[in-house]
Amino acid sequence: MRSVEEQQARVAAAAVAPRPVRVAIAESQGLMCAEEVVTERPMPGFDQAAIDGYAVRSVDVLSVGDGAGEISLPVMGAIEAGARTPSRLQPRQAARVQTGAPMPTLADAVLPLRWTDGGESRVRILRSVRSGAYVRRTGDDVQPGDVAVRAGTIIGPAQVGLLAAVGRDRVLVHPRPRLCVMCVGGELVDVSRSPGTGQVYDVNSYALAAAGRDAGAEVNRVGIISTDPRELRETVEGQVNRNEIVVIAGAVGGAAAESVRTVLAELGEMEVARIAMHPGSVQGFGQLGRDRVPVFLLPANPVSALVVFEVMVRPLIRLSLGKRQPMRRMVQARTLAPISSVAGRTGYLRGQLMRDQDTGEYLVQALGGAPGASTHLLATLAEANCLVVIPSEVDEVRTGETVDVAFLAQRG
């Protein structure tokens, strides 16, 4: 039986990031930048007011507050944001300016409105101001030749804003890996139909497709596919040629799964192995097609399939996205009830993670992990916000003991 870490290493070795593509900056959020975005012009491109007020020469208002009393200056006009006509301030004059308005020549500071009486033709100055106050100088943010966004940076709202600020409408990124999800099983029927005797709804293709999108992949949910050898080969071969990752649920147990594996073996290397984890110990992994695309065979049980996806497939998606840390965040939590696990296998048990308001300590309640409980109930997985990770050498965890817990995506 292979350890979880050994299987994860085999999977990680197959990670290949898709070829970089150029996309609109509006579509780049969450993706890794694949180029050094070098600024061609300063930002801001001109001296501008950082606040609504009056543009002045600081030397003209220095005496305010030094015993000389209040002073007033004539207002030569108003300058709005976006004004394109150059203006010049004469000594002992002021100009009313809006935030973002270009500063008139000779002005070196902006008096906030609250430091004045707000006059229109003449303004009374209540406080002095130092040179450069409330002015955004040319190039304060970025100078020509500066790197605005570095290669390897995950593009978030700030990076999108910076790209727009330096005049870039498109950027080179590592795109989301394309993930195909399909299922096999004669008992399966799509949710759009009513199941007959012996039939069940296809849960896996919907749940696994959602898990793929949550991980950051571009998902193609094929759904239920035929196990006829010719049709199966055509379907899988087609999906392998147009996706970076392929997941097939229901292909690791029973006679139907055996025939599926026979067909897949014609397309490349495929191994079904027992991994020292539960649920989902029996699973398959291989690389098919001319591009050796990673292909996963997952159990038919929805909970087992989702757990295997979380432990094996999700990290590969994150690596393909260029994430430096492909695994979920882990914390330690104190158990609120006993938990049983399977000796010799790492347990990934559903749980509810909470925090003590007084101490800040993490607490966890296992769902389906108590002695005698079932491990396959999908309803408890829907209630879970974490996976409790039990080491392979542990088969019982007592109330109050500390365990490792992996955060799942936040709900709501």
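Helix 4 keeps Leu232, Val236, Gly238, Gln239 and Val240 buried, where buried means under 20% relative accessible area, exposed over 50%, and partly exposed in between (1.4 Å probe, protein chains only). This is a predicted model, in which local features need pLDDT of at least 70 and side-chain atom pairs count only at pLDDT 80 or more, while totals for chains, interfaces and linings use all residues. Residues are numbered from 1 along each chain as its sequence is written, and side-chain values use heavy atoms, with hydrogens and water left out.

Helices (H or I, at least four residues) and strands (E, at least two) are DSSP runs, numbered from the N terminus.

Next come the aromatic rings. Rings of Phe, Tyr and Trp (its six-membered ring) pair if their centres lie within 6.5 Å; planes under 30 degrees apart count as stacked, over 60 as edge-to-face and the rest as tilted. That rule gives three aromatic pairs. One of them joins Trp115 and Tyr134 edge-to-face, at 5.9 Å centre to centre and 80 degrees between the planes. Trp115 sits in the loop between strand 8 (109-112) and strand 9 (122-125), and Tyr134 in the loop between strand 9 and strand 10 (135-136), so this pair ties together parts 19 residues apart in sequence. Trp115 is buried at 11% relative accessible area, whereas Tyr134 is partly exposed at 30%.

Phe285 and Phe296 make a tilted pair, with ring centres 4.9 Å apart and planes at 50 degrees. Since Phe285 belongs to strand 20 (residues 282-288) and Phe296 to strand 21 (residues 293-298), the link spans eleven residues of sequence. Phe285 is buried at 9% relative accessible area, and Phe296 is buried at 2%.

Trp115 turns up again with a charge: the charged end of Arg127 sits over its ring, 3.9 Å from the centre. Arg355 does likewise with Tyr362, at 4.2 Å from the ring centre. Such a contact needs NZ of Lys or CZ of Arg within 6 Å of the ring centre and within 35 degrees of the ring normal.

Finally, there is the surface. Val191, in the loop between strand 14 (188-189) and strand 15 (200-201), is partly exposed at 45% relative accessibility.
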